[in-house]
Protein chains: 2
Amino acid sequence: MPEFLKLQPPFIALNNFLSTIPKSKPETEEINTIDGLMRVLAQDFYSPNPLPEFPRSTVDGYAVISAHTHGSSESIPAILKMIGESPMGKPSAMTVGEGQAILIHTGGMIPTGADAVVMLENSQLNNGSDLEVFKPVSVNENVILVGEDVSTGDLVIPAGRVLRPVEIGGLMSFGVTRIQVNKKPKVGILSSGDEVIPPAQKPSIGQVRDINTSTMSAIVIEAGGEPVPYPLIGDKEEALTKSVIQAFNECDMVLITAGSSASTRDLTSLVIEKLGKPGILAHGVNVKPGKPTILAVCDGKPVIGLPGNPVSALVIADIFVRPAIRKLLHVSDPQFKPVVEGRLIGNFSSAAGREDWVPVVLRATNQENEVEPIFFKSNLIFNLVRANALLHIPADVTGVQAGEIVQVEIL
Amino acid sequence: MPEFLKLQPPFIALNNFLSTIPKSKPETEEINTIDGLMRVLAQDFYSPNPLPEFPRSTVDGYAVISAHTHGSSESIPAILKMIGESPMGKPSAMTVGEGQAILIHTGGMIPTGADAVVMLENSQLNNGSDLEVFKPVSVNENVILVGEDVSTGDLVIPAGRVLRPVEIGGLMSFGVTRIQVNKKPKVGILSSGDEVIPPAQKPSIGQVRDINTSTMSAIVIEAGGEPVPYPLIGDKEEALTKSVIQAFNECDMVLITAGSSASTRDLTSLVIEKLGKPGILAHGVNVKPGKPTILAVCDGKPVIGLPGNPVSALVIADIFVRPAIRKLLHVSDPQFKPVVEGRLIGNFSSAAGREDWVPVVLRATNQENEVEPIFFKSNLIFNLVRANALLHIPADVTGVQAGEIVQVEIL
């Protein structure tokens, strides 16, 4: 029974794996901007015109010549003549002249002649047209100038941006209702094991229903890919090879969740080695759960052999599958891992040099959050269903103690 | 020009708003479990059978009678007779008797007679059948017993759970391929303003393209709702009333992004008051940006008047729209706000008693994360496009200083 050749630290394994995936140009497709949520913009977007396109008021008030308000105060207001109202949605027909003011609403166009807006709160209108101004304004005060948001030709959304509601709005502000996005990478999903049967079937004694095809499909969707599930395969080299080669030819990336015994894991590596160069980059990573992971790049396509245990497979998917899909999608945004802090109840020990991911229950109490590790004999799927967060214990830490403040990642 | 009656602290306004939305039973629909990602489970799910359904090995090794390994060590191994291999996917035809062992793989069924599994690493097989065991095992060691993950009748997934990959896998492990989920609440979206035109049109001078319908639709989708956009309406009471009443009748919740001037905001509140009791709960909240927000519950349906400024509308949507949709969806999971820590570069001052949400750029440097506030004259949409996080300054803090470690929420 061959041992894992060398357990790689997951961070190093990930970097090596990602840098071996070539930076080939992804295929693109045109979609409605309104359907663009979470899609990845294919090309740099430069502003075709300035925004705003006309000078606008940022407040409700009076458009004035700023110099005419200088020296004004509550006790000695500046006195101006209100000559009319600036309409919304079109330019004012009137011009602000010496000693004049025009009523203007937030977002309205600054009339010719005016160079600032006095806020309603700092003024009082008497007899319908006599305006008292109690506070001076400076040039451009309460005004957004043409191009103050963006100038023509600015790079406003870079290629590789994952589109959020705000980018969809930003594109709409330029009238861009169709966009080019990177196609979702097709991720082939294969699950193997003589004991594994499709979920819709009733297991005989000794059999279990396949979980990994469903969980991996869901992970791929979350990460922005398109899952392509293949039929279950037994632990026979010929059948596995045939199915893996088909998935490899039809998809941009392949996930193989092996049967959980050492012999079927060896079978998986044997089959992956046939797919192309450079082949297997890591055979075993120093993380628990998830040690028996295979990372490979074959003829430019990432191929990952995942542990058969569903919980291990989910942890490994977070560490390796999601970043690989981001790379295939050409996502350019930096990635941060947001955390929630809480006080640990219960100790947890970890082997030196090994990364641990511990399912925990995060609970809000009146005072602070509580983090309770879920102890388990093996990685049972419903332990992870009970958990709402993962506690990460880095390789250089050998354990955490009850009472410590720890940071957890929401699941 | 009427002032806002009273600016409510956003936390109090939110609590009051949410508790006024009645807890009526949501409509449900049946879907394929595999399509259940991010949907909300309608009913408590109890396990129909134990998991696992048969005792399984958690390791590769030998099924033994634990008592026969007692006292064994590297120097004085226990000597057993290996009588065969337990097949994957079916029960072993053989029984482990006195002094016997059966080869077993991870996930395999424990053969009759055995009560523990010796790991491969702690044993050596000689001449094909003479097994040396170097380390004793206790009863049930490396064995998962029937029902050790879940027992029959356990509440394993509560109603109101937002389904993650792991729940989809958990349901599949029971063969549950169809599930009842809560229907997505229909959220009517109305955008008003005489200066606002549909994105596909070319604006004349003084006009701007509508952003809010698109951003709010995207927010509603992210939050698990179904956006129902209505045509743009001008600032006329009759047209606005007609359109709002239509949306109110057709949807479970209504968002109205008013024109940004004070008079159109007043118009919005006038129209909302006509919809039903109790009506407006908050008219103005003490948050920047987003002060001119209207929160209402009319005849059981939440109605929110959002500021016309797109950035203010997005901040308010995060604070009020998302939680309201969660309430309509009957989500039962507690909510935590994950954060990323970084060192602030640049100061930011805030009025006492007011919550501030400041768009920032979060950057990873070699040492630590850097948080740079984006300063802006007004809330221009592309300032938010440039940001990747929000810095929250609570009401009791009057400012933050360069060099401080702050926590930001990823946008």
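Helix α6 of chain A (residues 310-328) has a kink of about 50°, centred on A:A317. The bend at a residue is the angle between axes fitted to the seven residues ending there and the seven starting there. This is a predicted model: local features need pLDDT of at least 70, side-chain atom pairs count only at pLDDT 80 or more, and totals for chains, interfaces and linings use all residues. Residues are numbered from 1 along each chain as its sequence is written, while chains are lettered from A and ligands numbered from 1 in the order in which they are written.

**Helix α6 of chain A**
- Helices (H or I, at least four residues) and strands (E, at least two) are DSSP runs, numbered from the N terminus.
- Of the 19 residues of α6(A), 14 are buried, so the helix is largely enclosed by the rest of the structure.
- A residue is buried if 20 or more other C-beta atoms lie within 10 Å of its own, exposed if 12 or fewer, and partly exposed in between; C-beta atoms are placed from the backbone.
- After α6(A) comes A:H330, with a positive phi near 60°.

**The core**
- The largest nonpolar core has 166 residues.
- Such a core is a set of buried Ala, Val, Leu, Ile, Met, Phe, Trp, Tyr and Cys residues joined through C-beta atoms within 7 Å.
- A:V254, A:L255, A:V321, B:V254, B:L255 and B:V321 have the most contacts inside it.
- Leaving out residues up to four places away in sequence, A:L255 touches several residues, including A:M216, A:I304 and A:V321.

**Where the chains meet**
- The contact takes 80 residues from chain A and 79 residues from chain B.
- Two residues are in contact if their C-beta atoms, placed from the backbone, lie within 7 Å.
- On the side of chain B that touches chain A, α2(B) gives the largest share, 8 residues.
- That side divides into 42 nonpolar, 23 polar and 14 charged residues.
- Ala, Val, Leu, Ile, Met, Phe, Trp, Tyr, Cys and Pro count as nonpolar, Asp, Glu, Lys and Arg as charged, and the others, Gly among them, as polar.

**A loop residue in chain B**
- B:V146 sits in the loop between β10 (143-144) and β11 of chain B.
- B:V146 counts as partly exposed because it has 15 C-beta neighbours inside 10 Å.
- B:V146 and B:L163 are 17 residues apart in sequence, and their C-alpha atoms are 26 Å apart in space.
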